[in-house]
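Here are my notes on the model, as numbered points. Please read them with the structure open.

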Amino acid sequence: MMLSVKIASVAAFLAIVFIAVPVLIAASGRTDLYYTLTSVALLSIASAGVWFTFYIGRINIGQGAYALMGGYVSAILVMNHGWSFWPTLPVAGLFCAAASVLIGLPILRLRGVYFAMVTLTLTEVARLLALALPITNGAKGIVSIPLPGALSVFGLTIIPDFATLQNSRLAFYLLAVTLMVVCFAVMYRLVHSRIGKLCQSLQQNEELASSIGVNIAYLRVIAYAVSSFFGGVAGAIFAAISQSIYPSSFTVTDSVNFMLNCFLGGLGYVFGPMLGTLVLYFGWDLLFQTGQFQLLIYSGLMIVLMLVLPNGLLSLALPSRKS
Amino acid sequence: MADMLEVSGLTKRFGGLVAVNNVSFSVREKEILSVIGPNGAGKSTLFKLISSFLRPTSGEVRLKGERISNLAPHIAARKGVVRTFQETTIFKNMSVRDNVIIAHHLRSRANLFGFFLGTGTAKADEAAFGQSADEILALLGLASLAGETAHNLPHGHLRALGIAIGLATNPSILLLDEPFAGMNHDETMRMVAMVRRLRDLGLTILLVEHDMPAVMKISDRIVVLNFGQKIAEGTPSEIQANEKVIEAYLGSEDEAIGL
């Protein structure tokens, strides 16, 4: 793509999410859409993490575990230790990244379906841990988490106290979308720098990669940590929006959905998970009217889509653009 | 000439099976040394031991006097022992040029964070790698295919790409695993000429190969393995006259050892 086309499409995208959407919602009065779109933005951040593990050739069905972990870390720091919400956001991400390094060191040696199976159980392990640990308050979860307070730097208020806002939904929407934009900008940069090439070399042939001197163990742990960081950040904001976190806040279904978002959008495209999340989230809601057939139709459509469009929805719009 | 690589008393057991048994030899600087032997003689195991893809049961491998056995493969590569693969192992979904560029990884001075931020060092690295990749592709006759996706290449070119990837790491010694396997006569002769040219450019090459006529043509010296043991070492003409070698290949056509 030409540079000017790139800049124009980025500008158009920013204009849509930051200006057009709030204006349209205000005009139509459908403020409930804020919550939906905020969820899409956050889920797409978690999905972007999953996408990055796909990029090193690993099928990750365990992102729910890190989202849950991030949510609890933020909630516990706010409730038990009196932290403001804002610093807990990066801390939750870093905590998840650190945990994923410890978990990843042994399990990233596995490939293919074996890695997928282990990660699938991670979410369940996280849920059971949340039920069992004293600090997470068991099945009752952590509730009545206060809304994010004001964020000031050198006495200058950058973000006002959410509780004093008339429209905290808009505030959360803007927060989630901003983070989504940052997240995808980081991903884009990662993939289009040499790091992306190195990750591709892992995806395509780990033996050859190590024979040309790539430290594959180090690189895949780093990639997994980045992935889990995104999961943790997304989880932390979810806890703040719903002002609560339970062991069942993120389940195996969520982990599977994060993966499906990537498949649907396209594994070869950085912005695949964003589109995938949007389509999947709204698709599921639209099918609600079909009642008991919802899951059947949904699953059938997913299978057909994977057969017809193995490279995802974005492969329709963008011609195949390899490496 | 000085020894580049020194293999001493190398042994590898898999359970009760001794795949490589007390093998010693050395590779001199700027020579082509071939390891040959009948099927199951332990050539591939020896190859993996030298490139640190396997750990020896006993014995050691030294590169310019420095012990390199028992290291991780990427560390061995960093020290200068780089292998190509028996299968046509390449990065299939990258362009030919990207395959070679990525193989310059060892030479990069910027770290991962530098690449992410796009620092001056990282940019200089990228430019240098691109230029070097173009030179290597031209050397191996792949320049016209630089933009092609690697998995579309015909067999002979894939092998050349494998060698290009090896060259890009700037190795002290390049290990070629059956570079002529599956090639017809013309392709083999072209590959022989190419490998000799690399040697003339100052590279030390160790290769494991089945194709006897090609080995006889290409090698400065030959090491013969049978049942995991070294049974002979010498120049191609010495090997062709060696009783033990003829015995080991008995039952196969005389033609097989180039007689």
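1. Two strands count as paired if DSSP finds at least two bridges between them; strands (E, at least two residues) and helices (H or I, at least four) are DSSP runs numbered from the N terminus. In chain B, β1 (residues 3-14) is joined to β2(B) by eight bridges, and the two run antiparallel. Within β2(B), Val23(B) is the residue opposite Leu10(B).

2. This is a predicted model: local features need pLDDT of at least 70, side-chain atom pairs count only at pLDDT 80 or more, and totals for chains, interfaces and linings use all residues. Residues are numbered from 1 along each chain as its sequence is written, while chains are lettered from A and ligands numbered from 1 in the order in which they are written.

3. The chain B sheet is open and has four strands, in the order β2-β1-β4-β5, with antiparallel pairing. β2 (17-28) and β5 (66-67) of chain B are the edge strands; each has a single partner, so one side of each lacks a neighbour in the sheet.

4. Helix α1 (residues 43-50) of chain B packs on this sheet and touches β1, β2 and β4 (58-63) of chain B. Contact here means C-beta atoms, placed from the backbone, within 7 Å.

5. Between the chains, 29 residues of chain B are in contact with 23 residues of chain A. Elements giving two or more residues to the chain B side include α3 (96-102) and α5 (120-139) of chain B. The most come from α2(B), with four residues.

Conventions: Contact = placed C-beta atoms within 7 Å. Axes fitted to C-alpha atoms, helices over the stretch in contact; angles between N-to-C directions.
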